[in-house]
Amino acid sequence: MSRLDGKTALVTGGSRGIGRAIALDLAREGATVVINYHSNEAAAKAVVDEIEAMGGTCHALQADIGKPEEARAMVAKAIEQLGGRLDILVNNAGITRDKSIKKMDDAMWDEVVRTNLGSCFACMSAALPTMIEQHYGRIINISSMNGQIGAFGQANYSASKGGIIALTRTAALELASSGITVNTVAPGFTKTDMFAEVPEKVQEQIKTRIPLARLGEPEEIAKAVTFLAADGDYITGQQINVNGGAHM
Ligand code: NAP
């Protein structure tokens, strides 16, 4: 018997990087999984194939979750595919559009805030009627160390990630009586396509600031998510920082 046998999960941005690792780990523990993706259908299909190859069940749903109506329709479809039950919602999808505040325009601000933060609200509120009816839910929002400490050139991103932490606390307060826990996992610098976009020189400087002296692996973030989903019954409104000690 695995820890998440019989449970159902939706992972936004589950086709690549951290979301992919989360989807695989939840499936490995027995959950039936729906992954959402935006544009890279081949990557999503590869995750579905990988989960099915290990004997699990996975569906992929395309949606731009930065658009609230698409996010809500995607969650409704996921719940249908999962047989009317949604136990675990992982709000993971995220983007960066970096520029200093002096150079950042409204479009860059808006795209990042609605994709990273707005999507958490839209997906969570779309999932709530089902979770409340079940009197059970595990919502895990992926924030970032840069939402805790700020980051040069990331006003939009760090505001969205700090907002996720505040949203998590309020949701945890409002939903505790419905059997729903809401927590944040805040990764530090993690080996994914998103980090690969950081200029190489900056990557080298970043590594010198990490006490454990290396980047995180997506699988190390996934373990914290699975822990909250499987063993976090008395944990709500909290943040788990998985950052190699880069922020304590
Ligand atoms: P990634 O490798 O760039 O993957 C992003 C995922 O999100 C992809 O599956 C992508 O789908 C999906 N996505 C992007 N925009 C979307 C949209 N509008 N609608 C639906 N899906 C969308 O990113 P990552 O590094 O794994 O990051 C995952 C999460 O961890 C993000 O929230 C990020 O902010 C956070 N995080 C990452 C790091 C890091 O160092 N990597 C550090 C701290 C926090 P497509 O490929 O189809 O576009």
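1. Helix 1 lies across strand 1, strand 2, strand 4, strand 5 and strand 6 (180-187), and runs at about 175° to strand 1; axes are lines fitted to C-alpha atoms, for helices over the stretch in contact, with angles from 0 to 180 degrees between N-to-C directions. Helices (H or I, at least four residues) and strands (E, at least two) are DSSP runs numbered from the N terminus.

2. The model is predicted, so that local features need pLDDT of at least 70 and side-chain atom pairs count only at pLDDT 80 or more, whereas totals for chains, interfaces and linings use all residues. Residues are numbered from 1 along each chain as its sequence is written, and side-chain values use heavy atoms, with hydrogens and water left out.

3. Seven strands form an open, parallel sheet in the order 3-2-1-4-5-6-7, where pairing requires at least two DSSP bridges between two strands. Strand 3 (58-62) and strand 7 (239-242) stand at the edges with a single partner strand each, so one side of each has no neighbour in the sheet. The twist averages 15° from one strand to the next.

4. Strand 2 and strand 3 pair in the parallel sense over five bridges, and Tyr37 has Gln62 in strand 3 as its bridge partner. Helix 3 (residues 68-81) lies across strand 1, strand 2 and strand 3, at about 160° to strand 3.

5. Leaving aside neighbours within four places in sequence, Ile22 is in contact (heavy atoms within 4.5 Å) with Val11, Val90, Asn92, Ile142, Ala222 and Val225.
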